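Good morning, and thank you for coming.

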Amino acid sequence: MATRYWVLSLPVGQGSSAASLWSRLQDSISKQAFDTSLYRFNIPNLRVGTLDSLLALSDDLLKSNSFIEGVSHKIRRQIEELERVSGVLSSSLTVDGVPVDSYLTRFVWDDAKYPTMSPLREITNGIHVEIAKIEDDLKVRVAEYNNIRSQLNAINRKQGGSLAVRDLSNLVKPQDIVSSEHLTTLLAIVPKYSQKDWLSSYETLTSYVVPRSSKKLHEDNEYALFTVTLFIRDADNFKNKSRERNFQVRDFEYNSETQESRRQELEKLVHDQDALRSSLLQWCYTSYGEVFSSWMHFFAVCVFTESILRYGLPPSFLSVVLSPPAKSENKVRSILEGLSDSSHSTFWKSEDEGVGLGVAGVGDAHPYVSFTVNLI
């Protein structure tokens, strides 16, 4: 699929017709640039309005086009990220079930959504408001999804760090802990290289340690986690003696209700994340189609407006879509210029006089209206 297209219009000279110009363009492209895809871009007869209204609208088209294009690409990038995280195979994006490139190359104006008798300013403002609402909705949905992700990442960081700092609750089982009126179990973090030292010395660090009570529960790249059972009254003294030997006793209190609550919280977060991700992905698929459709209608208004300003009234121009490979771009530009009757380009000036500016590529030095659409 091509990702870069030109949407442009050529002036129809006196005594000629759009159909005749289309045939000449097809013939020239097929003979001199056969690797270039060429399509008609069908723009209906829109309401022209006054010259002042067209000039004012033209001044605003560039900013609005950049905004709409930005939202389109933002949603597309969000789709790519969600598909990657979900392990979903990337699918072709569509507009009403039609691939986006086909929607562009077979564009049909939606008169029900955008009545052709509406003022051009009303159409473009409506599109801008519509896209702005979608962007706001995207921000809210992404923020909600990222909030859940952040909570899960924080939990995973606690569970994924070294034994010196990580949450130990999922490593300790009820049977590992002795808790009675007089006895308690402590959790010691022992450097990996000091395990033998720990096993040979923990019983004698203080006077009230239960012999052979230490058991290794877990080991990572830096530390090992050991239990040790002793009299409660000796716990503080044991912690101090352990610290002197470079053994760290972690504060830990086993509570089955707390453990179950944490487990349920984690399961709920994972479920919520999956549900939000799936919902957001489906919303992005739908919204991308809506944004792209609105964007192409906006482009149609751009082409129409700039064509009237450049070629004059009544509207007499041929609008097309091309997708030339990079190596053929200069050749295609030459063909287009050869078919442009500069005498009918009202705003066309020579290089010495400067070039009339417009939207998305209209500022290029060509005797015809030209826009570039980047799908990605």
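Let me begin with a definition: a residue is called buried under 20% relative accessible area, exposed over 50%, and partly exposed in between, using a 1.4 Å probe and protein chains only. Please note that this is a predicted model, in which local features need pLDDT of at least 70 and side-chain atom pairs count only at pLDDT 80 or more, while totals for chains, interfaces and linings use all residues. Residues are numbered from 1 along each chain as its sequence is written, and side-chain values use heavy atoms, with hydrogens and water left out.

I start with Ser58. Its relative accessible area is 10%, so Ser58 is buried. Ser58 sits in helix H2, which covers residues 51–86; helices here are DSSP runs of H or I with at least four residues, strands are runs of E with at least two, and both are numbered from the N terminus. Which residues does Ser58 touch, not counting those up to four places away in sequence? They are Thr305, Glu306 and Leu309, where contact means heavy atoms within 4.5 Å.

The second residue is Phe226, in strand E7, residues 223–231. With 3% relative accessibility, Phe226 also counts as buried. Leaving aside neighbours within four places in sequence, the contacts of Phe226 include Leu186, Leu187, Val190, Trp198 and Leu199, and also Ser214, Lys215 and Lys216. As for Pro191, its C-alpha lies 11 Å from that of Phe226, and 35 residues separate the two in sequence.

I now turn to salt bridges. The term denotes a side-chain nitrogen of Lys or Arg within 4 Å of a carboxyl oxygen of Asp or Glu. How many salt bridges does this rule give? The count comes to 15.

One of them pairs Glu135 with Lys74, with the closest N and O atoms 2.9 Å apart. Glu135 belongs to helix H4 (residues 120–160) and Lys74 to helix H2, so this pair ties together parts that are 61 residues apart in sequence. Glu135 is buried at 12% relative accessibility, whereas Lys74 is partly exposed at 31%.

Next, the side chains of Asp197 and Arg245 form a salt bridge at 2.8 Å, N to O. Asp197 is in helix H5 (residues 195–201), and Arg245 is in the loop between helix H6 (235–244) and strand E8 (248–250), so parts 48 residues apart in sequence are tied together. Asp197 is partly exposed, at 30% relative accessible area, and Arg245 is partly exposed at 36%.

A further salt bridge joins Lys268 to Asp272, and here the closest N and O atoms are 2.8 Å apart. Why are these two separated by about one helical turn? Because they are 4 residues apart in helix H7. Lys268 is exposed, with a relative accessible area of 53%, while Asp272 is partly exposed at 21%. Elsewhere, salt bridges that share partners connect Lys192, Lys216 and Glu219 in one network.

Helix H7 spans residues 256–311 and also holds Glu290. Glu290 is partly exposed, at 35% relative accessible area. Together with Asp96, Asp110 and Asp111, Glu290 makes up a surface patch of negative charge. Such patches take residues with over 30% relative accessible area and no salt bridge, and like charges are joined within 9 Å, nonpolar side chains within 5 Å.

Terms used: Areas by Shrake-Rupley, 256 points an atom, 1.4 Å probe, with all protein chains shown as cover. Lys, Arg positive; Asp, Glu negative; His and termini not counted. Charge placed at Lys NZ, Arg CZ, Asp CG, Glu CD.
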